[in-house]
Amino acid sequence: MEEKDNNTNELEELKLEEIDINEDPDESDDSQNLTDKNSAAARKKRKFPIWARILTAIFLIVVTVIIGWNILINVGKANLYAKSKDAVPQLPMELMDSAADVADVGWEEGWVRYNGKIYRYNKDVLTFLVLGIDKDERISDNTNGLDGGQSDGNFLVVLNPDDESVRVICINRDCMTDIDTYDYFGNYDTTTKAQLELAHAYGTTREQNMQNSVKAVSNLFYGIPIHGCVAINMAGITSLNDAIGGVEVESLSTFSTDGFDYHEGENAVLKGEAAYHYIHYRDEDEFNSNDDRMSRQRQYLNAFVAQAKAAIKKNPSLIANLYTKLTPYMTTDISIDEASYIGSTALGYSFSDNAISSIEGETVQGTYYEEFYPDEEALYQLIIEVFYEEVR
Amino acid sequence: MGKNYKSTKRAPLIAGVTLCVAGLICCIIFMVTSYKKANLSNDMTNLQNYASVSASEPQSETSIFPTANVDIPEKNLNFSELHKTNPDIYAWIYIPGTSVDYPVLQHPTDDTFYLEHNIDGSAGLPGCIYSELLNGKSFDDRNTVLYGHNMRNGSMFATLHRYADKDFFDANRYIYIYTEKGTYVYEIFAAYTYSDIHLLKGLDITSDEKFADYLESVLAIRGMGNNIDNSLNINSSDRIITLSTCTSNDTRRFLVQGVLLNGRER
């Protein structure tokens with residue numbers, strides 16, 4: 001059913017595009033006629049067949065490109081939504097002669113009761129996990145099952161086509177949750193409650209590292225579907241940052257690290273490593289310093305998105321450029337067609353500062369490391385708010 | 001040209017015949033299905049005659065059979081009559097608030113027999129509520145698992161899905177199992193979707209320690225539509241019941257679990 005809808009949408013879009021194209025050459029012809037009012041116009045008319053031929057060729061190329069692009073993003077769209085198919089209950093493949101009346105059980109599969117109201121998973125929503133891995137180099141093959149590196153930054157990016165919004169949920173890396181652990185040789189060991197950031201360390205391949213994080217985050221969020229994941233080594237931040245010409249922020253704290261100085265309240269365009277250190281630094285001697293870092297990351301992300309959007313609007317080819325720049329530092333299960341769909345859709349969506357939220361909870365000092373315990377009530381409410389829609 | 005002419009002339013005739021055949025097929029399908037349906041409901045109403053719920057009254061128990069300290073809806077069950085209908089019937093399950101009010105069967109050799117065989121032994125749906133040979137018939141195993149189809153018409157275990165509603169879960173907490181010896185009462189502590197792993201073969205609960213691990217894992221399951229009550233202090237000395245039915249997803253099951261109250265201190 002869904003595929004069929006997609007196909008018809010695709011056709012409609014294609015028709016619209018073709019009409020647009022048809023208008024364009026006419027307009028340019030008109031303007032040429034207006035500017036060239038002298039005798040040259042007569043000569044041009046004789047040459048019209050050649051121009052027509054060239055125009056037709058250009059027209060055909062443009063149409064082909066547009067069709068190709070549309071096919072690409074529609075395939076990407078279909079692939080992405082297929083990933084949450086199981087979360088949306090299908091009609092029961094029933095067990096009874098079809099003439100039997102459907103009894104009113106009074107409850108549909110997938111419904112959730114919250115504060116007396118009934119909600120269901122919003123199947124339009126697309127959810128991506130973005131991980132910042134604490135490795136300062138390009139991605140490389142793991143040497144053993146514990147070598148994946150930890151995820152210092154953990155963000156869920158949620159695209160909602162209903163209100164055309166992008167939301168970001170920051171997850172504290174010390175969040176205590178069920179993670180699967182593996183041994184040195186990559187054999188599954190056990191599932192244990194530990195800091196979320198550790199999930200990424202386990203696994204013999206980079207894809208396994210990433211999927212282990214995806215599993216842990218999905219479970220933390222009561223099993224919501226995650227449509228794709230990107231794990232970026234921290235070193236990739238620098239090239240991403242510079243690709244859009246640096247990011248301007250007003251420093252939230254005063255600190256010095258690795259020869260870089262930051263002063264609270266001071267405006268600066270962060271370039272190269274200055275950006276990396278601004279979002280990576282934390283005072284390891286101070287309790288709960290991760291909170292301070294998370295607010296810097298949040299601020300940076302906000303500024304980055306605003307600047308990237310402006311830059312991409314000016315120069316759309318920047319998307320592909322960013323993708324290429326990031327490739328040596330990134331592992332992802334998002335294919336190029338899916339990325340194209342995400343890029344083309346999300347660009348038109350609104351993204352405001354209050355679209356960034358974080359999981360509420362409490363940080364306590366564990367035996368060796370800090371542990372963050374999420375406020376389950378608040379988390380549940382956040383999930384209802386972001387991923388669910390009211391039935392009645 | 002001639003051929004074309006012929007075929008257009010024949011068209012109404014072909015259409016007419018096709019229509020007649022289609023109509024005939026529809027009639028046959030309708031007759032067959034309504035006959036099946038009538039048969040099915042006859043079966044069920046007959047069975048319901050063996051059991052009728054009367055006013056709720058504390059059950060008088062012998063000292064050998066531990067009581068549950070819960071009011072038990074009284075049922076006039078005639079087990080000897082039920083045995084005459086089918087000797088594999090060994091208990092009766094009743095869950096107020098749902099339409100679960102059925103005999104419980106266990107086939108002496110074939111575990112999957114009652115998946116697609118009815119009380120009278122006829123093949124087909126809806127099948128029966130049944131247990132497997134890994135479970136005894138005395139409800140003293142660590143986990144007794146009962147299976148029933150998720151019928152679209154709401155029969156068998158379909159209405160168990162109501163337990164996904166928190167309001168319903170909070171208001172309807174008891175499972176009653178009537179046997180010749182006495183009545184077992186279970187308090188429901190969990191309702192959730194789970195993998196289709198075989199609960200008795202696929203999960204090791206052969207020691208108290210393993211059983212405790214399993215119970216702990218159940219209480220830790222996270223899912224938006226799950227209802228799990230952590231407050232009953234369930235531990236490895238408890239005995240539980242699991243009611244298993246299908247979901248729309250082939251590889252997922254909807255489970256309702258209760259803890260046996262008979263002889264349990266609260």
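Why is helix 4 of chain A largely enclosed by the rest of the structure? I started my notes with that one, bearing in mind that this is a predicted model.

**Helix 4, chain A**

I went through the helix, residues 236-243, and found seven of its eight residues buried, so the rest of the structure largely encloses it. My cut-off for buried was under 20% relative accessible area. The buried ones I wrote down are A:Gly236, A:Ile237, A:Thr238, A:Ser239, A:Leu240, A:Asn241 and A:Ala243.

Next I looked up what they pack against. On the strand side I got strand 8 (228-233), strand 9 (247-250) and strand 12 (267-270) of chain A. The helices on the list are helix 5 (273-280), helix 6 (289-314) and helix 7 (318-326), also of chain A.

I also checked what follows helix 4 of chain A: there sits A:Gly245, with a positive phi near 80°.

**Cores**

Which residues have the most contacts inside the largest nonpolar core? I got A:Leu159, A:Leu270 and A:Tyr300, in a core of 47 residues. Helix 6 of chain A gives the most to this core, seven residues. Domain 1 (2-82) and domain 2 (111-228 + 355-392) of chain A both contribute residues, so the core lies between them.

**A sheet in chain A**

What is the strand order in the open sheet of six strands? I read it as 13-8-3-4-5-14 in chain A, with mixed pairing. Strand 13 (330-332) and strand 14 (356-358) of chain A are the edges, each pairing on one side only. The twist averages 20° from one strand to the next.

Strand 5 (residues 165-170) and strand 14 of chain A run parallel and are joined by three bridges. Within strand 14 of chain A, A:Ile356 is the residue standing opposite A:Val168.

**Chain B, quick pass**

I counted four helices and eleven strands in chain B. How much of chain B is buried? The figure I have is 46% of its 266 residues. Among chain B contacts with a separation of 6 or more, 63% come from residues 24 or more positions apart. Chain B exposes about 13,400 Å², with 56% of that supplied by carbon and sulfur atoms.

Note on methods
Residues numbered from 1 in each chain as written. Chains lettered and ligands numbered in written order. Predicted model: local features only at pLDDT ≥ 70, side-chain atom pairs only at ≥ 80, totals over all residues. Heavy atoms only, no water. Buried < 20%, exposed > 50% of the residue type's maximum accessible area, 1.4 Å probe, protein only. Helix = DSSP H or I, 4+ residues; strand = E, 2+ residues; numbered from the N terminus. Contact = heavy atoms within 4.5 Å. Areas by Shrake-Rupley, 256 points an atom, 1.4 Å probe, with all protein chains shown as cover. Pairing = 2+ DSSP bridges. Axes fitted to C-alpha atoms, helices over the stretch in contact; angles between N-to-C directions. Core = buried A, V, L, I, M, F, W, Y, C linked by side-chain atoms within 4.5 Å. Domains from an automatic or database assignment.
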